[in-house]
Amino acid sequence: MRRLVEKILGLIFVLSLVFLMSISYGKETVKITIWHYLNDRDKLLKTLAAQYTIKTGVRVEFQLYSGDQMGAKIRAAAQARTLPDAWTGVGLKGDLSRLAQAGNILNLTPYIKDWVSRFPENIVAQVTFTKDDGYNVEPGTYGIPLDVNNMQFLYNKDLFKKAGLDPNKPPKTWKEFIEYGKKLKEAGILPFATGFGTWAGLTMIQPYEFAYLGEEKLNAARLGKITFKEAGYERVLNLLVEMRDAGMFAPGTATMDLPTAEQMFANGQVAMIFDGSWAIGVFKMMNPNFKNYFVFFPPKDERAPYQALIPGGIGAYFVVNKDSKYIKETIEFLKWLTDVPQQAKYAKESFNLPANKNTIDPRTLGPQIAEFVKGMDKVYSYLAPFKNPRTEEILAKGMQLIILGQKTCAEVVKEMDETNK
């Protein structure tokens, strides 16, 4: 009897050991490797990967590399056919098209068709190729967005209240925007600053380029098919004149870089700024106690015939190796990673906008991030390059001179047309 019991116990032990080994073996067998360059989010991504392993038994290993080296590393691995299962994309369609043409990345369309709607269409379009887009790539979507971004206005609620303005009612029209600026100025508060000495100044007027000219006319002017004078571009630049005459610009704004404007805003030295969604993390780093601010969409100018559209688009995104042994498992993980609970955690801890549009909830994201997410469907999908790249330099410098009162809008537009022939 004793021997029988020992045999039974021994058999149970062996079967348990085999069972445990089979589980362990299964976990070891399915191991997904993902390269990325998101240095500030490495710990967060690895935490999420560990949660997924506990949930499914599938191991996910995120490997961090320098953003400066990532492109070269991908190209070298593509030639050697040693790419990981997935990686964060570098660049957009130009880089993607080369990888797709070489057969390195997977056309994800059949794999994500049931859940791609969780992302805004204009964002998915940035990693999607069509038949006649000139890239010579099989039509389809080749990237899965992780986060997105856009640029809008932000304002300091405390400074609004100090100037006698309702801190919960930012300006909705351009007329109100100017009136608010005047009231702030009268209260001894600097109304506005942004980086007109850098690229940020150009982005601030983009919503009104679309609002006044419309997408078709704006792109035609940039491509040199019509002149900026014919397109009516002076009306766009005149908005800077109105801001200048209302005393809205903080001293030095004409040549200011964006970090300086951000520091002023975070320190409560200026009431409004035009900035990107990433600024939420910047403000927290600059001044952890600065929290009473909010976001507002570029105020509607009732003189403009079209809808304002804002700069922004896809941030980090993933592509999948066409030769991966674990295509199904890799895509299942990326589906999980971009589902609402994980996107909410990602956004809250990284201060990046979630790509999943269903994640808009101020209770989990924070009110500022949630407000930026609402603007993603107003991001423009295409802005043509200037026929002559120097035209952008002329415009940027011209805007500075308009703010300083040293050039007229007509003079700047004339110079733009002479350069963009």
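**Close-up views of charged side chains in a predicted model**

**View 1. Asp417 sits in helix H19, which covers residues 409-419.** Asp417 is buried and takes part in no salt bridge. How far away is the nearest side chain of opposite charge? That side chain is Lys229, 7.4 Å away. Setting aside neighbours within four places in sequence, Asp417 is in contact with Thr227, Phe228 and Lys229.

**View 2. Glu61 and Lys31 form a salt bridge.** Their closest N and O atoms are 2.9 Å apart. The pair links distant parts of the chain, with Glu61 in strand S2 (residues 59-64) and Lys31 in strand S1 (residues 31-36), 30 residues apart. Glu61 is partly exposed, at 29% relative accessible area, and Lys31 is partly exposed too, at 31%.

**View 3. Lys378 meets Asp377 in a salt bridge.** Here the N to O distance is 3.5 Å. Are these two residues buried or exposed? Lys378 counts as partly exposed, with 25% relative accessibility, whereas Asp377 is exposed, at 52%.

**View 4. Lys407 and Glu415 are joined by a salt bridge.** The closest N and O atoms lie 2.7 Å apart. Lys407 is partly exposed, with a relative accessible area of 27%, and Glu415 is also partly exposed, at 27%. Elsewhere, salt bridges that share partners join Asp40, Arg41 and Asp147 into one network.

**View 5. The protein chain as a setting for these views has 19 helices and 13 strands.** Of its 421 residues, 52% count as buried. The chain carries 53 positive and 45 negative side chains, and the salt bridges number 16.

Notes. Residues are numbered from 1 along each chain as its sequence is written. This is a predicted model: local features need pLDDT of at least 70, side-chain atom pairs count only at pLDDT 80 or more; totals for chains, interfaces and linings use all residues. Side-chain values use heavy atoms; hydrogens and water are left out. Helices (H or I, at least four residues) and strands (E, at least two) are DSSP runs, numbered from the N terminus. Buried means under 20% relative accessible area, exposed over 50%, partly exposed in between (1.4 Å probe, protein chains only). Lys and Arg count as positive and Asp and Glu as negative; His and the chain ends are not counted. The place of a charge is taken as NZ of Lys, CZ of Arg, CG of Asp or CD of Glu. A salt bridge is a side-chain nitrogen of Lys or Arg within 4 Å of a carboxyl oxygen of Asp or Glu. Contact means heavy atoms within 4.5 Å.
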